Amino acid sequence: MAEKDKRTYVKVHDGLPDHPKIIEAGGEAGWLYICGLAYASRQLTDGVIPRRLIPRLTDGSKPEASASALVRVGLWHEGEHDCVSCPTGGADTYVIHDYLAHQRSAAEVADLSAKRAAAGQRGGRRSGEARRAASEGEANREASASAKAKQAGSKTEPETETETEVKEKNSRTPAEPDDAPIRHDVERVCKHLATVIEKGGTKKPPVTKKWRNDIRLLIDKDGITPEQAIAAIDWAHASDFWQAHILSPAKLRQKYDTLRRQALAEQRKQRPAGPQTAPHDTSAMTEEEKKRALKFG
């Protein structure tokens with residue numbers, strides 16, 4: 001069996017090489033941008049890069065000039081900046097714009113590692129319990145058969161299931177029953193998302209049971225109203241970047257908070273003339289887009 005790949009990865013949009021900001025900054029700056037993403041992911045810095053490391057991140061001829069170009073086009077910030085959607089760094093740092101909107105944060109990586117370690121421990125316990133149970137059954141076959149006969153009328157829990165696992169299983173939100181009545185609020189959001197996707201030039205997706213269940217969780221568990229969900233969909237599909245990503249209710253749930261923060265940020269700041277401030281920014285918002293963002297926020 002091949003060894004499990006333990007390397008970590010970053011997300012890079014496949015249109016990045018042709019993005020106007022990368023083209024404006026230049027090829028060496030574009031490579032520095034990729035190297036910066038890799039460094040921040042590997043070191044769990046949440047997008048902060050020390051200035052002193054810039055010459056070590058790239059083999060370009062003018063690394064500091066490339067860094068300045070990335071700041072000029074809005075792909076990086078100076079460490080002490082005023083962008084409301086990005087964390088700040090020290091005076092001797094750069095910050096990758098919207099890093100946390102697309103990459104895992106240090107806290108998310110730590111949480112995922114803890115969950116994987118706990119899952120491995122549970123698997124080890126179950127394997128050990130299964131081996132012990134098999135050994136005891138082999139040695140005490142007659143006694144076990146007699147005990148089972150006496151307890152034939154009672155239902156017992158599996159021996160390998162721990163108390164923690166039972167609690168976790170009971171705490172999960174159940175899926176909607178197959179015979180549950182159609183909820184008009186859920187159908188409204190599902191159909192709106194499917195229609196918006198089709199208007200974007202993609203084949204209209206079917207509204208499946210999973211779609212309905214994810215929208216139900218968005219409304220019932222996450223506390224998002226149908227109006228807020230529809231406003232988030234409209235805002236996302238007005239963005240050249242987000243319209244390619246919000247193509248299912250599951251992705252809408254996952255990215256809702258990020259979408260809301262970016263919508264609020266666009267309301268708070270006056271959009272400057274010239275280059276856009278992030279690879280996925282759209283042109284200046286129309287009045288209709290501002291209304292959608294306000295309702296969404």
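Q: How many of the 11 residues in helix α11 (residues 226-236) are buried?
A: This is a predicted model: local features need pLDDT of at least 70, side-chain atom pairs count only at pLDDT 80 or more, and totals for chains, interfaces and linings use all residues. Residues are numbered from 1 along each chain as its sequence is written, and side-chain values use heavy atoms, with hydrogens and water left out. Buried means under 20% relative accessible area, exposed over 50%, and partly exposed in between (1.4 Å probe, protein chains only). Helix α11 is mostly covered, and its buried residues number eight.

Q: Which residues of α11 are buried?
A: Helices (H or I, at least four residues) and strands (E, at least two) are DSSP runs, numbered from the N terminus. In α11 the buried residues are Pro226, Ala229, Ile230, Ala231, Ala232, Ile233, Trp235 and Ala236.

Q: Are α10 and α12 roughly parallel or roughly antiparallel?
A: Axes are lines fitted to C-alpha atoms, for helices over the stretch in contact, and angles run from 0 to 180 degrees between N-to-C directions. Helix α10 (residues 209-220) packs with helix α12 (residues 249-268) at about 25°, with the axes 8 Å apart. Angles under 35 degrees count as roughly parallel, over 145 as roughly antiparallel, 65 to 115 as roughly perpendicular and the rest as oblique. That makes the pair α10 and α12 roughly parallel.

Q: Which residues of α12 meet α10?
A: Contact means heavy atoms within 4.5 Å. From α10 come Lys210, Trp211, Asp214, Ile215, Leu217 and Leu218. They meet, in α12, Pro249, Ala250, Leu252 and Arg253.

Q: Are α2 and α4 roughly parallel or roughly perpendicular?
A: Helix α2 (residues 27-43) packs with helix α4 (residues 63-73), their axes 9 Å apart. The angle is about 80°. The two helices are therefore roughly perpendicular.

Q: How many nonpolar residues are in the contact of α2 with α4?
A: Glu28, Ala29, Leu32 and Tyr33 of α2 touch Pro63, Ser66, Ala67, Ala69 and Leu70 of α4. Ala, Val, Leu, Ile, Met, Phe, Trp, Tyr, Cys and Pro count as nonpolar, Asp, Glu, Lys and Arg as charged, and the others, Gly among them, as polar. One residue is polar and one is charged, while the nonpolar ones number seven.

Q: Which strands stand at the edges of the sheet?
A: Two strands pair if DSSP finds at least two bridges between them. Three strands form an open, antiparallel sheet in the order β1-β3-β2. Each edge strand has a single partner, so one side is left without a neighbour in the sheet: these are β1 (48-50) and β2 (76-78).

Q: Which residue of β3 is the bridge partner of Trp76?
A: Three bridges join β2 to the antiparallel strand β3 (residues 93-96). The partner of Trp76 is Ile96.
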